[in-house]
Amino acid sequence: MTIKGMIFDMDGTLLDSMGYWRTLGDIFCDYFHIPREEGLNERLDDNLPLEPVWQSLNRRYGFSFDDASFTEAFYTAIEPVYARKVAPKPGVPEFLREMKARGLRLCVATATRHSTAVMALEKTGLLPLLDFVLSVPEVGRGKKYPDIYLECTRRMGLQKEEVVVFEDALYCVKTLKQAGFRTVGVADAHTPAAEWEELAALCDRPIGDYRELLKECRALSAGD
């Protein structure tokens, strides 16, 4: 069946931003002018329950965080990084422009909250190339479940057989394959080698760079 739509993860897939999320603990501490907490990067990166983290910070530094205010605080800390430092991965703007010119529906499905994602995509010039942005908090369950991808497909007015999804995380590709989606695995410098090897074997098409995929698409079109 012909591809009519593309769903993209944002961090590590469209944007070269995973290095910042992997050091979110340091970014948080620097923003709030407290000493860097040993192990905080790993605790936030592992998506562990937030309560033990903010309780420790409350005790040590007199904060009054709860889950909601702590989440708000680390987004407050990382948003300036998106605004000043984060750029699209190589070839992304060109690829999106060409796919949009060909009439494909394009959207983002991200675990990052909606307002931050929109700001990041606007700052990097990608937002006008997308039909919409959907975030995990809006659908209620994370990417261990296919809800966000199914909702994107529904909003595009397409069947999942008409869609391909771009992801850089192994667990997301596993979710997608179990749900019957076609997948493109996107290499990222911050993905462990063993994880990338498994991801590349599982997805329908692994890529290291969007420019190689764009070149292939143009060659196929020329062949038609």
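**Close-up 1. Residues that meet between helices α10 and α11 in the predicted model.** Leu170, Val173, Lys174 and Lys177 of α10 are in contact with Glu195, Glu198, Leu199 and Leu202 of α11, in a structure that is a predicted model. Sorted by class, this contact of α10 with α11 comprises four nonpolar and four charged residues, with no polar ones.

**Close-up 2. Geometry of the α10 and α11 pair.** Two packed helices are described by the angle between their axes together with the distance between those axes. Here the axes of α10 (residues 170-179) and α11 (residues 193-202) come within 9 Å and cross at roughly 20°. Because angles under 35 degrees count as roughly parallel, α10 is roughly parallel to α11. The crossing in which α10 passes α11 is left-handed.

**Close-up 3. Surroundings of helix α2.** Of the eight residues of α2, six are buried, so this helix is largely enclosed by the rest of the structure. The buried residues are Leu24, Gly25, Asp26, Ile27, Phe28 and Cys29, and the buried residues of α2 pack against α1 (18-21), α3, α4 (51-61) and α5 (67-84).

Close-up 4. Most residues other than glycine have a negative phi, whereas the phi of histidine 33 is positive in a residue other than glycine. With a relative accessibility of 73%, histidine 33 counts as exposed, because the cut-off for exposed is over 50%.

How values were computed. Residues numbered from 1 in each chain as written. Predicted model: local features only at pLDDT ≥ 70, side-chain atom pairs only at ≥ 80, totals over all residues. Heavy atoms only, no water. Axes fitted to C-alpha atoms, helices over the stretch in contact; angles between N-to-C directions. Helix = DSSP H or I, 4+ residues; strand = E, 2+ residues; numbered from the N terminus. Parallel < 35°, antiparallel > 145°, perpendicular 65-115°, else oblique. Left-handed = near helix turned anticlockwise from the far one by under 90°. Contact = heavy atoms within 4.5 Å. Nonpolar A, V, L, I, M, F, W, Y, C, P; charged D, E, K, R; others polar. Buried < 20%, exposed > 50% of the residue type's maximum accessible area, 1.4 Å probe, protein only.
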